[in-house]
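Open the model in your viewer and keep the selection panel at hand. Each stop below says what to select and what is there.

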Amino acid sequence: MPELPEVEVTRRSFAQAIAGARIESVRVGKPLRWPLGCAPQSLVGQKVVAIRRRGKYLLVDLDSGLLLLHLGMSGSLRFSPDLPPPGAHDHFDVMTSQGTLRLHDPRRFGAVVYAADEQAAVAQKLLGGLGMEPLSDVFTYPAFEAGLKASRAPIKQVLLAGRLVVGVGNIYASEVLYLAGIRPTVPAQRIGPQRGRRLFDAIRTVLARAVELGGSTLKDFSSADGMAGHFQHEANVYGRDGAPCHHCGSAIQLLRQGQRSSYFCPRCQRA
DNA sequence: CTAACCTCCTGTTCGC
DNA sequence: TGCGAACAGGAGGTTA
């Protein structure tokens with residue numbers, strides 16, 4: 001499940017290699033989450049200027065406009081001058097002068113959407129409500145604390161929603177809360193400055209560490225150059241219900257919040 | 001406005 | 001062993 005670290009690792013794995021490439025053809029497979037929003041043919045001849053990331057979206061800047069790319073939960077990208085013929089789950093290929101960028105996505109929750117510019121309605125709809133970038137300077141404690149105070153929802157769901165801070169998906173939300181010693185069910189506004197600060201730090205620490213380790217490869221995630229990630233081996237709680245807490249030995253518990261699973265240590269995360 | 005629920009999809013896991 | 005049901009989940013959309 002690509003969260004911020006996996007998307008960022010993917011970005012880094014092909015951004016340099018594709019920069020400056022000219023799009024020579026486009027192949028579209030089965031429908032993804034949203035329609036492309038332009039004729040595939042209209043992309044031909046455009047140059048790839050840069051690859052940026054916003055939350056879990058990758059932004060492929062073109063001469064004219066940009067492609068918003070989302071990996072959904074089972075998506076992965078590959079970029080290589082020499083890719084095999086497309087398989088059943090390869091739903092979007094951009095053939096360029098420097099290689100082919102391919103979206104592989106069995107569950108097709110992912111998307112490739114064209115927008116004329118970042119202010120375009122399509123882009124605004126997808127990027128407009130996003131929260132702060134946790135690994136950038138815009139993520140400050142005062143802003144984070146203000147966001148916490150504004151919500152009575154359980155902190156786990158506030159993190160997942162991405163309106164306050166982006167990129168923290170289901171796996172990292174559990175890990176972050178464990179590190180901060182906060183129970184997933186605590187209403188956001190009941191988190192005071194001291195624990196708030198710990199949470200703020202934990203978000204940065206966990207995400208930065210995950211990027212460093214190449215993300216988490218739980219099922220089959222890999223970056224665009226085919227490398228697997230290794231953060232999953234450092235998971236303290238995710239997927240470990242019933243197993244002993246690495247810190248205190250208590251059995252990790254699993255609970256459901258908004259149809260999502262949350263994992264926590266009942267002793268290390270008392271409130 | 002918020003919060004709860006729904007929806008998209010298919011590979012994997014589980015129970016009988 | 002086989003088969004269907006349940007599950008996994010990012011995030012926009014809908015409903016209350």
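Start with the surface near DNA strand C: its residues divide into four nonpolar, eight polar and six charged. Here a residue is near a molecule or strand if its C-beta atom, placed from the backbone, lies within 6 Å of it. Ala, Val, Leu, Ile, Met, Phe, Trp, Tyr, Cys and Pro count as nonpolar; Asp, Glu, Lys and Arg count as charged; the others, Gly among them, are polar.

This is a predicted model: local features need pLDDT of at least 70, side-chain atom pairs count only at pLDDT 80 or more, and totals for chains, interfaces and linings use all residues. Residues are numbered from 1 along each chain as its sequence is written, while chains are lettered from A and ligands numbered from 1 in the order in which they are written.

Stay with DNA strand C. It has 18 residues around it, and the closest are Met1, Lys56, Arg107, Gly169 and Asn170. Helix 2 (121–127) and strand 10 (260–264) are the elements that give two or more residues to this surface. Helices (H or I, at least four residues) and strands (E, at least two) are DSSP runs, numbered from the N terminus.

Now select DNA strand B. Which residues are around it? Pick Pro106, Arg107, Arg108, Phe109, Ser151, Arg152, Ala153 and Gly258. By class, that surface has three nonpolar, two polar and three charged residues.

Four strands form it in the order 1-6-7-5, with antiparallel pairing. Strands pair if DSSP finds at least two bridges between them. At the edges are strand 1 (23–28) and strand 5 (76–80), each pairing on one side only. From one strand to the next, the twist averages 15°. Axes here are lines fitted to C-alpha atoms, for helices over the stretch in contact; angles run from 0 to 180 degrees between N-to-C directions.

Zoom in on strand 6 (residues 90–96) and strand 7 (residues 99–104). They pair in the antiparallel sense over six bridges. Select Asp93: its bridge partner in strand 7 is Arg102.

Contact means C-beta atoms, placed from the backbone, within 7 Å.

Finally, zoom out to chain A. It has six helices and 10 strands. Its C-alpha atoms fill a box of roughly 55 × 35 × 30 Å along the principal axes. Among contacts between residues at least 6 apart in sequence, 64% join residues at least 24 apart.

Definitions and conventions:
Two residues are in contact if their C-beta atoms, placed from the backbone, lie within 7 Å.
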